[in-house]
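Hi,

Here is the model I said I would pass on. Have a look at it first, and then read my notes below.

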Amino acid sequence: MGQIIYQTVMSFLASLCFAVLFQVRGRNLIYAAIAGAVCWLVYALVGQLVSDEIPAYFLAAVATTIYSEFFARILRTPAIVYLAAGVIPLVPGGGIYRTMLFCIQGTPDAALSECINTIGIAGAMAMGIVIVSSIVRLLSHQPKIKL
């Protein structure tokens, strides 16, 4: 459990640095960094419960998008401010690196396997974000019924 807490704190700091890089200012900076911590915490906890990492990426993206949409409404800020910095800990940079490494080393089978896994991770993250954002958009654009 100590490892998960350490990784969550490091994800907070990484998201904070990316939020600064994305020129997020004021109180939004902290909320964007918390989004990264939430993202990694959900990923780490779900990752311990399931054997495949794809569902963990999906649920972490869902949780981060819910967090982002919630605070976007409360703080009257676009959700992308929190979401862009929040999903940084999940970006499959290692998978992309290993895919290219296997290509350069001349092992196409390993490169293809790693590429498929990386695309699966990116797809799971994208689907988590799209599903939650679409539901929020549908619910927020419902016509109000007057009685």
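Let's start with one leucine: is L41 buried, partly exposed or exposed? L41 sits in helix α2, and it counts as partly exposed because its relative accessibility is 33% (buried is under 20% relative accessible area, exposed over 50%, partly exposed in between, with a 1.4 Å probe and protein chains only).

Before the rest, some housekeeping. This is a predicted model, so local features need pLDDT of at least 70 and side-chain atom pairs count only at pLDDT 80 or more, while totals for chains, interfaces and linings use all residues. Residues are numbered from 1 along each chain as its sequence is written, and side-chain values use heavy atoms, with hydrogens and water left out.

**The surface patch**

L41 belongs to a nonpolar surface patch together with M1, I5, Y6, V9, M10, L13 and L45, and the patch has about 730 Å² of accessible area (Shrake-Rupley, 1.4 Å probe, only the protein chains shown counting as cover). Patch residues have over 30% relative accessible area and no salt bridge, and nonpolar side chains (Val, Leu, Ile, Met, Phe, Trp, Tyr) are joined within 5 Å, like charges within 9 Å. A salt bridge here is a side-chain nitrogen of Lys or Arg within 4 Å of a carboxyl oxygen of Asp or Glu. Helices α1 (2-21) and α2 (27-49) each give at least two residues to the patch, with the largest share, five residues, coming from α1. Helices are DSSP runs (H or I, at least four residues), numbered from the N terminus.

**The aromatics**

Searching the whole structure turns up six aromatic pairs. In one of them, the rings of W40 and Y43 have centres 4.8 Å apart and planes at 50 degrees, so the pair is tilted (centres within 6.5 Å make a pair; planes under 30 degrees apart are stacked, over 60 edge-to-face, the rest tilted; for Trp the six-membered ring is used). Both W40 and Y43 are in α2, three residues apart, about one turn of the helix, and both are buried.

Y43 also makes a tilted pair with Y57, at 4.7 Å centre to centre and 55 degrees between the planes. Y57 lies in helix α3 (residues 53-75) and Y43 in α2, so this pair ties together parts that are 14 residues apart in sequence. Y57 counts as buried because its relative accessibility is 10%; for Y43 the value is 15%.

Elsewhere, Y31, Y67, F70 and F71 form one aromatic cluster.

Cheers
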